[in-house]
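Biologist: Could you go through this one with me? I'd like to start with the inside and then move on to the backbone and the surface.

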Amino acid sequence: MSAAVSAVGIILSLLAFDVVGRVQSRLDRPDEGIEPHLWKWLVPVVVCAYVLLVESRTLASVGWRVDGPVAFAAQVVVGLGTMVGSSVLTAPLRARLDGGDELAEGLGSFADLSIPERLFVAETAGVTEEVPYRGYVIERGAELTGRPLLAAGLSTAAFLYAHVGETWTVGAAVQMLQPAVVLVAVYLWTHSLPVVIAVHTLNDAVGLLLADRYADEHPEAAT
């Protein structure tokens, strides 16, 4: 496979969410509720299709693999434990960034969704963000440069940039650096998309299930 094909795939992965968002806007589709999250599933579909049809490689080449059910469960537990532990340790620092309330306000904006809808949003984030950012960009970036940490840095920067928008502010995106770094570390450790998808989904699910509390603390977020 040529370096050019991988480079195009990386660009595709990095720009996919922006392109999907522009298509939504051009079609005048709703930007609230569940529909915007349904559109996000186009991203992993396109990336996986690119791997299979253009690169003629297996999805295992971008992390679709596990070391077995026991290893999978153990890796998810370690990853989630690291996510929670590092969150507690960095909470004072994150609270000082941009007033410390912007991430909570963003979570509060999901309070109008039902519990099943919030869980769907969490699963959507886990799958649609991990496939392009952790799976494709890190694997192909490491192949192209021989420097996995450089690829991981690009992945993290793109991941944070993609979260700046109507729901998340710049301050909220900065506060997401801690979970983003943990997810990168877990991926570099396991090279398993199912593991980081599970960790990402479970972490997001906890925050989204607490959306009502965040909305009560920041009523302007739910309006």
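Biologist: Which residues have the most contacts inside the largest nonpolar core?
Modeller: Bearing in mind that this is a predicted model, the residues with the most contacts inside the largest nonpolar core are Val-43, Val-131, Tyr-136 and Leu-193, and that core has 35 residues.

Biologist: And which helices supply at least two residues each?
Modeller: For this core, α1, α3, α4, α6, α7 (148-162), α9 and α10 each supply at least two residues. There is also a second, separate core of nine residues, which includes Leu-107, Ala-111, Ala-205 and Leu-208.

Biologist: Back to Leu-193, what is it in contact with, leaving aside neighbours within four places in sequence?
Modeller: With those neighbours left aside, Leu-193 is in contact with Val-62, Gly-63, Trp-64 and Arg-65, and also with Glu-130, Val-131, Gly-135 and Tyr-187.

Biologist: Gly-135 turns up there, so where does Gly-135 lie, and is it buried or exposed?
Modeller: Gly-135 lies in helix α6, which covers residues 115-145, and Gly-135 counts as buried because its relative accessibility is 0%, where the cut-off for buried is under 20%.

Biologist: What does Gly-135 touch, not counting residues up to four places away?
Modeller: Gly-135 touches Val-62, Glu-130, Tyr-187 and Leu-193 on that count.

Biologist: What about His-191, what is its phi and where does it lie?
Modeller: Phi of His-191 is near 50°, again a positive value in a residue other than glycine, and His-191 lies in the loop between α9 (177-190) and α10 (193-209). With 28% relative accessibility, His-191 counts as partly exposed.

Biologist: Now the surface: which residues make the nonpolar patch?
Modeller: The patch, of about 430 Å², is made by Ile-11, Leu-15, Val-19, Val-23 and Leu-27. Of these, Val-23 lies in helix α1, residues 3-26, and Val-23 is partly exposed, with a relative accessible area of 35%.

Notes. Residues numbered from 1 in each chain as written. Predicted model: local features only at pLDDT ≥ 70, side-chain atom pairs only at ≥ 80, totals over all residues. Heavy atoms only, no water. Helix = DSSP H or I, 4+ residues; strand = E, 2+ residues; numbered from the N terminus. Buried < 20%, exposed > 50% of the residue type's maximum accessible area, 1.4 Å probe, protein only. Patch = residues over 30% accessible without salt bridge, like charges linked within 9 Å, V, L, I, M, F, W, Y side chains within 5 Å. Areas by Shrake-Rupley, 256 points an atom, 1.4 Å probe, with all protein chains shown as cover. Salt bridge = Lys/Arg side-chain N within 4 Å of Asp/Glu carboxyl O. Contact = heavy atoms within 4.5 Å. Core = buried A, V, L, I, M, F, W, Y, C linked by side-chain atoms within 4.5 Å.
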